[in-house]
Amino acid sequence: MNVSILGLALLCAGTSAAVAAQPATPTIYGQLSGRVAHFSDTNFLGNSVDSTPYLSKAILGARGFYVLSDSVKLAYRVEADFAPLAEADGTQSIYYGALNQLKNDDDDIFIRYAGAAFITDYGLFAFGDAMSGVYEEFYSAVDLFEVNTQDSTPSAVPNGTRMWTQTKWSKDGLVYKTPVWNNFYAKFVLASINNGSATDDDLKIVHGVYKTDNFMLGLNLSVYDKELVGVSSGESDRERWVLASHYKFDNWKLAGVYESNRDLGSAGADFDVYAVTGTYTAGKFAYALSYQDREQPSAGALQQDSAVIAQLKYRHDERLDLWAEAGSYDESDNDNLAVGLNIYF
């Protein structure tokens, strides 16, 4: 796909400068997460599961940053999750069959990030997987949860926790982010969907964000080419509009997101989704409560649903989290209780 070729050219353009610079030693980091989850009927993949403990994340990554010149800096990140190795059939994978996997006959390795960014006086230029930033900038403040979280596009019944159509993880793309001016910036993205169409820009994204230390307001538009099989009805491009905001005050944080979908899937469904999440932090404890609602789509197999999600998290230190979580769904049979821990290194 031409997006990939252009991205490679962008990276190569900085090669001569990179040779002259002394790169800093990359930072190696990781995370291990374990949990025990009990579902009232089936999990979000539609599988009947028992309440045995299992490994949900086994992340290993590397990131780095160094100065190429007075006006150009390079940041890069590569991150993979080996947890799907624990359940080769995918029944416990949190990624719900997302696209960017390395596969062989026995297991999957999920590539969460793989990209680089040149930071200049004229803005940021980036290339790679999961570089668009739409999830991080618009959804992450609402989607705080461990089990009841957004990890892939919703599909046919059971709908489960996949309330929105925005995924956490995207395929390769080219990104330009403007310099910040009076707390405002814009971002433009051209992305590939597994070479899914005959065009050079399967997915086009534009968004504007106003952000201070305690307030964010942003508007995003994602347009999927109508030639993508199954993504739209084929009559018009699929569109996703997103309005999001969050505000911090004292120990409180309130976040909301509103997503409007048009011409989704082969049936050309239209529907809206919204969510509001509040968080209160007291010392090492954090309490979160969220209400999420998806209206009945105008066509297709996706169904109306709403959820109330609650979480208690204890942050022992920067290396260890302990948490308990519950999710209650109106239409799908995915009510759940779970406890777990996150270990960071």
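The model is predicted. The chain has 345 residues, and its secondary structure comes to 3 helices and 17 strands.

**Overall make-up**

- Buried residues account for 46% of the chain.
- The accessible surface is about 16,300 Å². Carbon and sulfur atoms hold 58% of that surface.
- Take the contacts between residues at least 6 apart in sequence: 54% of them join residues at least 24 apart.

**The second largest pocket**

- This pocket holds about 900 Å³ of space.
- Several elements give two or more residues to its lining: strands S1 (27-39), S5 (108-120), S13 (269-282), S14 (285-294), S15 (305-317) and S17 (336-344), along with helix H3 (134-139).
- S15 gives the most, with 4 residues.
- The lining has 36 residues in total. Ser140, Asp143, Leu144, Glu146 and Lys313 lie nearest the centre of the pocket.
- By type, the lining divides into 14 charged, 13 nonpolar and 9 polar residues.

- Asp321 sits in strand S16, which runs over residues 320-329.
- Its relative accessible area is 4%, so Asp321 counts as buried.
- The side chain of Asp321 makes a polar contact with the side chain of Tyr344, at 2.9 Å.
- Beyond its neighbours within four places in sequence, Asp321 is in contact with Lys313, Tyr314, Arg315, Gly340, Leu341, Asn342 and Tyr344.

- Ser260 is found in strand S12 (residues 252-264).
- Ser260 has a relative accessible area of 12%, so this residue is buried.
- Its side chain makes a polar contact with the side chain of Asp272, at 3.0 Å.
- Leaving aside neighbours within four places in sequence, Ser260 is in contact with Glu239, Arg240, Trp241, Phe271 and Asp272.

**Met163: a buried loop residue**

- Met163 is in the loop between H3 and S7.
- Its relative accessible area is 0%, so Met163 is buried despite its place in a loop.
- Met163 and Val273 are 110 residues apart along the chain, and their C-alpha atoms are separated by 7.3 Å.
- Not counting residues up to four places away in sequence, Met163 touches Gln150, Val273, Gln292, Asp293, Arg294, Asp305, Ser306, Ala307 and Tyr329.

- Gly128 is found in strand S6. The residue is buried, with a relative accessible area of 5%.
- Gly128 and Val175 are 47 residues apart in sequence; C-alpha to C-alpha, they are 8.7 Å apart.
- Ala299 lies in the loop between S14 and S15. With a relative accessible area of 26%, Ala299 is partly exposed.
- Ala299 and Ala269 are 30 residues apart in sequence, with 4.7 Å between their C-alpha atoms.
- Ala299 touches Ala267 and Ala269, again not counting residues up to four places away in sequence.

- Most residues other than glycine have a negative phi.
- Ala130 has a positive phi, near 60 degrees. Its place is the loop between strand S6 (123-129) and H3.
- Ala130 is buried, with a relative accessible area of 13%.
- Asn182 also has a positive phi, near 50 degrees. It lies in the loop between strand S7 (173-177) and strand S8 (184-191).
- Asn182 is exposed, with a relative accessible area of 55%.
- In brief, Ala130 is buried, whereas Asn182 is exposed.

Methods
Residues are numbered from 1 along each chain as its sequence is written. This is a predicted model: local features need pLDDT of at least 70, side-chain atom pairs count only at pLDDT 80 or more; totals for chains, interfaces and linings use all residues. Side-chain values use heavy atoms; hydrogens and water are left out. Buried means under 20% relative accessible area, exposed over 50%, partly exposed in between (1.4 Å probe, protein chains only). A polar contact is a pair of N or O atoms within 3.5 Å; within protein, one must be able to donate a hydrogen and the other to accept it, and residues adjacent in sequence count only if both atoms are side-chain atoms. Contact means heavy atoms within 4.5 Å. On a 1 Å grid over the protein atoms alone, a cavity is a set of points where a 1.4 Å probe fits but cannot get out, and a pocket is an open set with protein on both sides within 12 Å along at least five of seven lines; lining residues have an atom within 4 Å of a point. Grid points are joined across faces, edges and corners, and a volume is the space filled by probe spheres set on the points. Ala, Val, Leu, Ile, Met, Phe, Trp, Tyr, Cys and Pro count as nonpolar, Asp, Glu, Lys and Arg as charged, and the others, Gly among them, as polar. Accessible areas come from the Shrake-Rupley method with a 1.4 Å probe; for residues, only the protein chains shown count as cover.
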